[in-house]
Amino acid sequence: MIPRVLIISGIDPTGGAGLGADVRVCSEFGAYPLTIASALTVQNQHGFRYVQSVDPHIVIDQLVAVYDSCRPDAVKIGLMADASLLQKTVDFLTSRGQRNIVVDPVLSATAGADWSDAAGLADTYRRIAPEVTLMTPNVKEAQAIGLAAAAKADKPFSYLLTGGDEHGRVCTDILYEHGREIERYELPRVSGNNLHGSGCILSTAIAVFLAKGCDLHTACCRAKIFAYRAITQANTPGMEIMRGYGPAFVPSNSQKLV
């Protein structure tokens, strides 16, 4: 059966991040994407202007429509600009007994814009962490959410600490389970400006591999390799989509590389 991955994320008009990137990842690996827009953004390679959250009632009604149609094999939650919407979405998924929920927390845009509800979102991400399969924060997001402390004090949960925003020749992602480091995934850091949507690509690839039946460690490992090769391809001369901060484009033959 074709794996079905439910994507709940924002719309980026340039297609570099959000639903556009997520759908391309699903297509690369033969997964069928079910899509729900959680936010609308106005952004391009020149900067991020603003974000508008979608009404929670619309999102929940769309979720009902999806589950009345079929049951996803995995779910990826991306951009959420409203804490209430995030909580209601996770509550709905857990009420349906959904497995393989991957959450990519987003508290600000790479261009520097913070969400008006960033503090409320950070608290909500911390509360829902034990209810989902995996969170994929970068270092700044993990600190804002307080994941390290929460992993020791609250119910056990897993998260992949991504190193794409750090410095150095090696990009290291670290998988934590129940507050303990389980595995490190290290690959050379790719130089170049075409990195937009790289976090979306990684988290969605993890969801796809979970939908295909991989365990968490294998899903993270394969997704890391996939994202690395996609970013490398995007920063190869002649592959530029737009000048400046371009998309981490997903190459059409990348499924043969993992």
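**A guided reading**

Guide: Apart from neighbours within four places in sequence, Thr89 touches Ile8, Val59, Ile60, Leu63, Ile77 and Met80. The model in view is a predicted one.

Visitor: In which helix does Thr89 lie, and is Thr89 buried or exposed?

Guide: Thr89 belongs to helix α3, which spans residues 83-95. A residue with under 20% relative accessible area is classed as buried. Thr89 has a relative accessibility of 0%, so Thr89 counts as buried.

Visitor: How many salt bridges does a search of the whole structure find?

Guide: A salt bridge requires a side-chain nitrogen of Lys or Arg within 4 Å of a carboxyl oxygen of Asp or Glu. One of the pairs is Asp22 with Lys76. With the whole structure searched, the number of salt bridges found is five.

Visitor: Are Asp22 and Lys76 buried or exposed?

Guide: The limit for a buried residue is under 20% relative accessible area. Asp22 has 0% relative accessibility. Lys76 likewise has a value of 0%. Therefore Asp22 counts as buried, and Lys76 also counts as buried.

Visitor: Which residues of α1 are buried, and what covers them?

Guide: The buried residues of α1 are Gly18, Leu19, Ala21, Asp22, Val25, Cys26 and Glu28. Their cover includes β1 (4-11), β2 (32-44), β4, α7 and α8.

Visitor: Which residue just after α1 takes a positive phi?

Guide: The phi value in question is about 75°. The residue that takes it, just after α1, is Gly30.

Visitor: What separates Asp123 and Arg126 within their helix?

Guide: The side chains of Asp123 and Arg126 form a salt bridge, with N and O 2.7 Å apart. Asp123 is partly exposed at 34% relative accessibility, and Arg126 is partly exposed at 28%. Because the two residues are three apart in helix α4 (residues 118-128), their separation is about one helical turn.

Visitor: Are Arg184 and Glu181 buried, exposed or partly exposed?

Guide: The side chains of Arg184 and Glu181 meet in a salt bridge, at 2.7 Å from N to O. Arg184 has 42%, so Arg184 is partly exposed. Glu181, at 40%, also counts as partly exposed.

Visitor: How do the residues of the contact of α7 with α8 divide into nonpolar, polar and charged?

Guide: On the α7 side, the contact includes Ile201, Phe209 and Leu210. On the α8 side, Arg222, Lys224 and Phe226 are among the residues that take part. The residues of this contact divide into 13 nonpolar, one polar and two charged.

Visitor: Which residues is Leu210 in contact with, its neighbours within four places in sequence left aside?

Guide: Leu210 is found in helix α7 and is buried, with a relative accessible area of 6%. Between the C-alpha atoms of Leu210 and Pro3 there are 9.4 Å in space, while the two residues are 207 apart in sequence. With its neighbours within four places in sequence left aside, Leu210 is in contact with Asn100, Val102, Thr133, Asp215, Leu216 and Ala219.

Visitor: In which loops do Asn100 and His178 lie?

Guide: Asn100 has a positive phi near 55° without being a glycine, and at 12% relative accessibility Asn100 counts as buried. His178, also not a glycine, has a positive phi of about 55° and counts as partly exposed at 47%. Asn100 is in the loop between α3 and β5 (101-103), and His178 is in the loop between β8 (170-177) and β9 (180-188).

Notes:
Residues are numbered from 1 along each chain as its sequence is written. This is a predicted model: local features need pLDDT of at least 70, side-chain atom pairs count only at pLDDT 80 or more; totals for chains, interfaces and linings use all residues. Side-chain values use heavy atoms; hydrogens and water are left out. Contact means heavy atoms within 4.5 Å. Helices (H or I, at least four residues) and strands (E, at least two) are DSSP runs, numbered from the N terminus. Ala, Val, Leu, Ile, Met, Phe, Trp, Tyr, Cys and Pro count as nonpolar, Asp, Glu, Lys and Arg as charged, and the others, Gly among them, as polar. Buried means under 20% relative accessible area, exposed over 50%, partly exposed in between (1.4 Å probe, protein chains only).
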